[in-house]
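Here are a few friendly notes to read alongside the model. Keep the structure open and look up each residue as you go.

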Amino acid sequence: LTGIAAAALGASEVVLTDVPAAMSLLRANAAAASASHEGCRLIAQELLWGEQAHIEQALSRGAYEVVLGADILYFQSKEDVVKLVATMDGLLAAGGAVLLAYEWREDWETTDAFHCECAARGLHSEQRPLRGPLGEVDEDEAVLLFVSRGGSDAPAAIF
């Protein structure tokens, strides 16, 4: 849904990724959404965090200016967090940004591991509550993690 929303908002190309077991559904969704978003090329690709072959396949189109993720960072092992951040780091273009949105689940361990791993790789990370159209904080404690390479600032409209 996140990638299809990016297509609806005007992205020219979106690479949708998931685990092997979900690929048939992802491909079907990409094909169905392509008909509605003629100006956007939707590509479905398998991506396992930390798998260099998958990262290299994704990079065949070049590094990414924006990487989006929704509800992927909760109750993950430290090993999986390391793989996630390594994947983000491998895919992100110079000056690029990662936006991860998720519902806060009192998972301090995963969040701390994420920020520490970002810092270890030279990525700036910060966590902010998502806000509604009038600037109100989301009552469900939805959170946006913003990660950037080289100290980029987040676009003001996101917050």
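**Notes on the predicted model**

1. As background, an α-helix has 3.6 residues a turn, so residues three or four places apart point the same way.

2. After H5 comes Gly 122, with a positive phi near 80°.

3. Which residues of H4 are buried? They are Val 81, Leu 84, Val 85, Thr 87, Met 88, Asp 89 and Leu 91.

4. Now for the charged pairs: the structure holds six salt bridges. One of them joins Lys 83 to Glu 79, with the closest N and O atoms 3.7 Å apart. Both residues belong to helix H4 and sit four residues apart, about one turn of the helix. Lys 83 counts as partly exposed because its relative accessibility is 32%. Glu 79, at 54% relative accessibility, counts as exposed.

5. Arg 121 deserves a look of its own. It forms a salt bridge with Asp 89, where the closest N and O atoms are 3.2 Å apart. This pair links distant parts of the chain, 32 residues apart: Arg 121 is in the loop between H5 and strand E5 (123-129), while Asp 89 is in helix H4. Arg 121 also meets the side chain of Glu 117 in a salt bridge, at 3.1 Å from N to O.

6. Asp 89 is buried, with a relative accessible area of 18%. Glu 117 is buried too, and its relative accessible area is 12%. The cut-off to keep in mind is that buried means under 20%.

7. Elsewhere, Glu 13, Arg 41 and Arg 61 are linked in a network of salt bridges. Find these residues in the structure and trace how the network connects them.

8. Next, look at the loop between strand E3 (64-70) and H4, where Asp 71 lies. Asp 71 is not a glycine, yet its phi is positive, at about 55°. Its relative accessible area is 33%, so Asp 71 is partly exposed. Phe 75 is also placed in the loop between E3 and H4. Phe 75 has a phi near 45°, again a positive value in a residue other than glycine. With 55% relative accessibility, Phe 75 counts as exposed.

9. Where is His 37? You will find His 37 in the loop between helix H2 (23-36) and strand E2 (41-46). At 18% relative accessibility, His 37 counts as buried. Leaving aside residues up to four places away in sequence, His 37 touches Ile 4, Ala 7 and Ala 8.

10. Finally, a word on confidence. The protein chain has a mean pLDDT of 84, and 89% of its residues reach 70 or more. Confidence is highest in H4, at a mean of 95, and lowest in strand E6 (residues 142-149), at 72. Over residues 151-159 the pLDDT is below 50, and this stretch has 12 contacts in the model beyond near neighbours in sequence.

Conventions: Residues are numbered from 1 along each chain as its sequence is written. Side-chain values use heavy atoms; hydrogens and water are left out. Buried means under 20% relative accessible area, exposed over 50%, partly exposed in between (1.4 Å probe, protein chains only). Helices (H or I, at least four residues) and strands (E, at least two) are DSSP runs, numbered from the N terminus. Contact means heavy atoms within 4.5 Å. A salt bridge is a side-chain nitrogen of Lys or Arg within 4 Å of a carboxyl oxygen of Asp or Glu. pLDDT is the predictor's confidence in each residue, from 0 to 100.
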